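Hi everyone, thanks for coming. I'd like to walk you through one structure today, starting with the DNA and ending with some charged pairs.

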There are 2 protein chains.
Amino acid sequence: MTVGSNLAEVASLVGDPARANMLAALMDGRALTATELAYVGGVSASTASAHLGKLEAAHLLSVVKQGRHRYFRLASPLVSRMLEGIMTFAAIGGPPRYRPHGPKDAAMWLARTCYDHLAGRLGVALADAMVARGYVVLTDDAGELTPRGEAALGDIGLAVDSLQHAHKRVFCRPCLDWSERRPHLAGTVGAALAHHCFDRHWIEPIRDSRAVRITPAGQIALRKDFGIDLS
Amino acid sequence: MTVGSNLAEVASLVGDPARANMLAALMDGRALTATELAYVGGVSASTASAHLGKLEAAHLLSVVKQGRHRYFRLASPLVSRMLEGIMTFAAIGGPPRYRPHGPKDAAMWLARTCYDHLAGRLGVALADAMVARGYVVLTDDAGELTPRGEAALGDIGLAVDSLQHAHKRVFCRPCLDWSERRPHLAGTVGAALAHHCFDRHWIEPIRDSRAVRITPAGQIALRKDFGIDLS
DNA sequence: GAGATGCTTCGGCCGCGAACGAAGCGATCG
DNA sequence: CGATCGCTTCGTTCGCGGCCGAAGCATCTC
């Protein structure tokens, strides 16, 4: 059958541990080199090359050559969405899971990027705050920024108007958080919020990880603007 | 890493052709017996048993024993969503695809069920009609039933009020159609619409397939109520 | 009861594909 | 201009996992 075979074909590409780790590492939207991906995949350069070739051939990844490096990134938001769907199931739909062990995991649980927006306790807390204050309305699948929310974001210096008419990309949508098992903010609004936090140095990336650290300044600002305290 | 391994684990389960075909067959929400699934998977009963055991262990499928039969169904809407995500990518995100060949494919392209709602040319045409008439508003991710739409559906005998307050399940959302590459209606509204069409015998299931046939009565009713003509 | 039917368990076979190292090629650096 | 680095290609090895058929255990039918 036409349908099933495509399904299996794509899923089996994601179904290899090395490739899955590579894809997961690219979930934050960055582009990584073949060597970096070999490392996160836990395989040799030659093996990684074969994997990356397959992922590119299937259009899961796009590649851009720059000098002697080859930078890979997820080929489209559709890929990110697909992976998100699988990870969400893996985290909350599958067999019961356990809480984090290592300190690295702990950081991931606290705050991390998810493609281009924020997830973890911080992401969920932000979404909660936005909802509680009537800035956004969220259902399971849809989200909407209220006029009140638009104004409030404007007050803290987040230019929402310029984004507003981006009808093509999704403006505001919930994204199920695999660690908190509750929705956080994705879409244009979620991305803008994340950018804002980075710009103001409320958060900063943690090396070699999707996790982010909340700076002292961020602690203060988040409490002041959103009533968030993640101690 | 914790994340990647779960991702690979789940994806590899879907990544086997036999299992993928079984899962695809269950996408319409029905429950099938082990023997039926062995058939759609194209494998022997013993092999199917092993596959189904794995899918159940990973909580992709739930099983209910009835007499000497074991009925399998997708364990949760989360699984359906995950598969939907992969199929969507496989259909439109991957390498360029081709149009149908066999008559069976043709029927699938014309009209079929997608979990619990309608897809194919019919599904897309219904969504288009609903939008064109101002019954619903659709963005890429969200959907909303307008008061006008609510009234109109009421006129043709579709009790929408009773569904309205089902806040838990998603009320109305778009679902990307892999054959038409355009959204059709999913969510509670999409499901209610599909049920309505079945109840009135506007459409009827085609044996051993997710495809549905549009009855002569359906042709007339669809044209009258929605201005749809799929000749 | 005997005989189907539905499904699982067991044992053994086989092939795909992931793995590595060595070698080659192109780009960059000193 | 070598030397180094980033990546790919090639040839080979090897183990996991899918496959089947035979046998076994239920359950329903007559």
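Of the atoms of DNA strand C within 4 Å of the protein, what percentage belongs to sugar or phosphate, and what to bases? In this predicted model, sugar or phosphate accounts for 71% of them, and bases make up the rest.

Now to the protein side.

Let's look at some individual contacts. Over on chain B, Ser49(B) has a side-chain N or O atom 2.7 Å from a phosphate oxygen. For a base contact, turn to Ser46(A), where a polar side-chain atom lies 3.1 Å from a base oxygen. Two or more residues each come from helix H4 (45-57) of chain A and, in chain B, from helix H3 (34-41), helix H4 (45-57) and strand E3 (69-74). H4(A) gives the most, with four residues.

Finally, the charged pairs. There are eight salt bridges over all chains. In one of them, Lys224(A) meets Asp225(A) at 3.2 Å, N to O. Is Asp225(A) buried or exposed? Asp225(A) counts as buried, because its relative accessibility is 17%, while Lys224(A) is exposed at 65%. In chain B, Lys224(B) and Asp225(B) form a salt bridge at 3.3 Å; here Asp225(B) is buried at 16% and Lys224(B) exposed at 67%.

Conventions
Residues numbered from 1 in each chain as written. Chains lettered and ligands numbered in written order. Predicted model: local features only at pLDDT ≥ 70, side-chain atom pairs only at ≥ 80, totals over all residues. Heavy atoms only, no water. Near = heavy atom within 4 Å. Polar contact = N/O pair within 3.5 Å; in protein donor to acceptor, adjacent residues only side chain to side chain. Salt bridge = Lys/Arg side-chain N within 4 Å of Asp/Glu carboxyl O. Buried < 20%, exposed > 50% of the residue type's maximum accessible area, 1.4 Å probe, protein only.
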